[in-house]
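Q: Please take a close look at one part of the model shown here. After that, relate it to the other parts in one connected description.

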Amino acid sequence: MTSGGVHSGEAARRRLRKRHAAERRFRLYGLAAIGLALGALVTLLGTVVVRGLPAFFGYEVTLDLHLDAARLDPQGGRRPGDLGRGDYGRVVKDALRALFPEVKGRRERRRLHALVSSGAAFDLRERVLAEPDLVGSTIALAVPLSDDADLFFKGGVDAEAAEADRRLSDAQITWLRALQSEGRVARRFWTRFFRAGDSREPELAGIWGALVGSLWTLGVTLLLSFPLGVAAAVYLEEFAPKGRLTDFIEVNINNLAAVPSIVFGLLGLAVFLNLSGLPRSAPLVGGLVLALMTLPTVIIASRSSIMAVPPGIREAAMGIGASPIQVVGHHVLPLALPGILTGTILGMARALGETAPLLMIGMVAFIVDVPTGPTAPATVLPVQVYLWADSPERAFVAKTSGAILVLLAFLVAMNLAAVLLRSRFERRW
Amino acid sequence: MTTISRPAERSQLYLTKITTRDLNVWYGEKQALFSVNLDIERNRVTSLIGPSGCGKSTYLRCLNRMNDVIEGCRVEGKIALDGDDVHGEDVDPVQLRARVGMVFQKPNPFPKSVWENVAYGPRIHGLATGRAELDEIVTTSLERAGLFAEVKDRLDDPGTGLSGGQQQRLCIARAIAVQPDVILMDEPCSALDPIATARIEELMEELRARYTIVIVTHSMQQAARVSQRTAFFHLGAVVEEGETGKLFTDPREERTRDYITGRFG
Ligand SMILES: Nc1ncnc2c1ncn2[C@@H]1O[C@H](COP(=O)(O)OP(=O)(O)OP(=O)(O)O)[C@@H](O)[C@H]1O
Ligand SMILES: [Mg+2]
């Protein structure tokens with residue numbers, strides 16, 4: 001280096017310092033951005049987890065239920081038809097009253113009964129139908145508390161507040177404490193939340209119905225959008241003659257990817273429900289609508305990963321006499337598959353979180369039964385979140401966050417499956 | 001070199017394998033080949049030389065109809081392989097490419113194992129029934145390509161993991177595994193070092209006993225070393241063609257002389 005060169009001396013050193021400072025600043029901006037994003041993510045997840053965890057637990061009270069044959073099986077035949085019509089609610093109420101014989105008067109008794117969930121009678125019936133021989137005996141059965149009582153044990157009721165300001169009366173609180181001191185109240189992992197469909201009673205409401213609905217819907221979406229999208233991409237990339245028409249199609253596919261999802265819902269309403277007469281609220285229709293929405297994403301991702309396959313591979317295969325279909329099937333698609341899968345999973349993730357278009361086709365209905373097929377009425381996870389968030393009962397706040405957690409877990413499971421699939425198909429060379 | 005004794009064999013050896021008559025090629029509006037007439041002789045190596053962009057690759061790609069898939073490429077004229085028009089209605093380009101194999105400038109093995117690379121062609125053409133027969137084809141192809149000794153313990157390793165020269169020989173093995181009549185090579189050594197190049201040149205000498213070889217090269221020395229016939233292309237036309245020895249020592253055309261003496265390019 002010559003001493004007189006422009007790249008040495010004080011001026012050059014100053015320029016260098018300036019450049020280094022700029023580089024450091026740029027790195028700092030990047031770190032700050034990542035930090036901010038991480039902070040937001042942690043806050044969001046933290047809030048949802050803290051709020052949602054109580055939804056996974058609940059309180060049950062153990063009652064000594066006298067299965068009075070006169071109430072449950074007046075005919076005495078122990079036939080399932082008769083047993084199913086028995087007055088199980090009465091049995092539960094009797095058990096409560098036996099615990100607190102001092103409670104008199106219709107209103108007070110009604111309050112006492114209100115401590116136990118209306119689901120208790122259903123649980124009892126199920127138990128008796130499974131074991132008809134129990135009729136006549138007395139059994140100890142843990143039944144769910146009502147949402148208000150549950151909230152009390154979870155610390156959500158302020159006993160110091162004025163009686164009129166809380167959902168539980170002084171008497172009810174006294175009874176609950178008595179039940180607790182007798183050792184009848186226990187905290188349980190709330191499997192009901194993962195087993196049941198929706199319900200008006202928060203303690204009985206579960207996410208399983210919506211989860212199965214999401215599974216059916218996404219199944220239909222995947223089954224339609226993946227093969228159609230890949231086929232369209234292969235045709236456009238490998239076979240379609242380049243020209244005005246292809247350009248026109250390409251522009252329109254790109255535009256479709258940017259169309260707001262609710263528009264697809266309107267389209268589904270007009271075409272699938274009104275025109276084709278498919279059932280409302282069905283995963284089939286939801287899947288069709290979401291497939292329409294996902295298709296452009298799959299096509300665009302597939303095209304770009306097909307385009308990224310080195311042309312040398314195509315020439316090599318063609319050069320030894322592989323037919324166009326063989327070139328695509330044996331060489332191009334396997335190499336493009338990881339990229340195609342990534343695009344598909346992105347589209348599916350978006351479809352999983354989509355609410356608006358499903359509202360248009362009636363998947364927002366209150367549905368108790370777990371859907372049994374693609375045409376059974378169903379709702380999906382994000383719609384369930386929306387429904388619960390909209391419910392007045394306080395216990396649904398936790399359910400909402402719990403449902404969000406399940407939705408996130410579903411998403412993570414989906415992405416994990418994609419990663420596993422990708423690593424299976426990804427060439428190690 | 002094998003000595004030729006019997007006259008029958010001799011006439012067979014110098015039979016024309018490919019005839020090209022009045023071949024014109026356009027890429028869109030732009031004409032790339034102008035009325036090319038060229039004969040390729042059986043079991044000999046023909047090299048195509050000429051400055052960059054003069055249409056050597058274009059001509060080569062006409063021989064196995066690889067130009068068919070290029071958007072906007074139009075081919076007129078007659079190319080006959082063993083007397084049959086390759087553009088004939090009953091000719092399937094896919095089948096033609098099995099008869100006329102190609103080795104490209106850049107080694108392009110499939111991202112699969114060495115074995116898979118060689119076995120792929122025979123498999124899609126149904127040349128083997130069962131794994132044992134395929135193994136046999138893979139082994140002989142690799143042997144003929146002079147690669148077997150180097151890769152016999154790594155047949156299941158990726159073909160893309162070989163060295164550049166080995167990859168190119170793998171591509172040659174892949175081409176001969178489908179038992180073509182003709183092998184087209186477009187600057188097969190341009191990405192290789194002198195040792196790998198020498199290896200492939202030796203190989204061509206061995207291969208021409210069974211195949212007809214057409215090679216595009218920018219190296220005059222290589223053309224002189226490996227080929228028996230040479231065609232000089234310039235601006236999309238064949239300026240001169242003939243026996244390699246004659247063309248390099250005593251060219252008829254002024255332009256040929258200028259090119260081979262390096263006075264233009
Ligand atoms: N796919 C294509 N589309 C349009 N023009 C092309 C295409 N391929 C080649 N050409 C044109 O045709 C002419 C001949 O090209 P070609 O590739 O045959 O030359 P070449 O002799 O092989 O050159 P090089 O020695 O550089 O490989 C060139 O002018 C080139 O620009
Ligand atoms: Mg070329």
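Where in chain A is the place of Asp73(A)?

A: This is a predicted model, in which local features need pLDDT of at least 70 and side-chain atom pairs count only at pLDDT 80 or more, while totals for chains, interfaces and linings use all residues. Residues are numbered from 1 along each chain as its sequence is written, chains are lettered from A and ligands numbered from 1 in the order in which they are written, and side-chain values use heavy atoms, with hydrogens and water left out.

Asp73(A) sits in the loop that joins helix H2 (69-72) to helix H3 (80-84) of chain A. Helices (H or I, at least four residues) and strands (E, at least two) are DSSP runs, numbered from the N terminus. Asp73(A) is buried, at a relative accessible area of 3%; the classes are buried for under 20%, exposed for over 50% and partly exposed in between (1.4 Å probe, protein chains only). A polar atom of the Asp73(A) side chain is 2.7 Å from the backbone nitrogen of Arg78(A). This is a polar contact, a pair of N or O atoms within 3.5 Å; within protein, one must be able to donate a hydrogen and the other to accept it, and residues adjacent in sequence count only if both atoms are side-chain atoms. With residues up to four places away in sequence left out, Asp73(A) touches Arg78(A), Asp82(A) and Leu83(A), where contact means heavy atoms within 4.5 Å.

From chain A the description passes to the interface. Here 20 residues of chain A are in contact with 26 residues of chain B. The area buried between the two chains is about 1900 Å², and carbon and sulfur atoms give 65% of it; buried area is the accessible area (1.4 Å probe) that two parts lose on being put together, summed over both. On the chain B side, Phe110(B), Pro111(B) and Tyr120(B) lose the most area to chain A, together 27% of what that side buries.

Ligand 1 is surrounded by 13 residues, and the closest are Lys30(B), Ser52(B), Ser57(B), Thr58(B) and His218(B); to be near, a residue must have a heavy atom within 4 Å. Oxygen atoms of ligand 1 lie 2.7 Å from a polar side-chain atom of Lys30(B), 2.8 Å from a polar backbone atom of Gly53(B) and 3.3 Å from a polar side-chain atom of Glu187(B). The protein buries 64% of the 630 Å² that ligand 1 exposes when taken alone, by the Shrake-Rupley method with a 1.4 Å probe. Strand S2 (30-41) and helix H2 (56-63) of chain B are the elements that give two or more residues to this shell, and H2(B) gives the most, with three residues.

Elsewhere in chain B, Thr256(B) belongs to helix H11 (residues 254-260) and is buried, with a relative accessible area of 0%. Neighbours within four places in sequence aside, Thr256(B) is in contact with Phe232(B), Val239(B), Glu240(B), Leu247(B) and Pro251(B).

Backbone angles come last. Most residues other than glycine have a negative phi. Asp22(B), in strand S1 (residues 16-27) of chain B, has a positive phi near 50 degrees and is partly exposed at 41% relative accessible area. Gln179(B), in the loop between helix H7 (164-177) and strand S7 (182-186) of chain B, has a positive phi near 55 degrees and is exposed at 52%.
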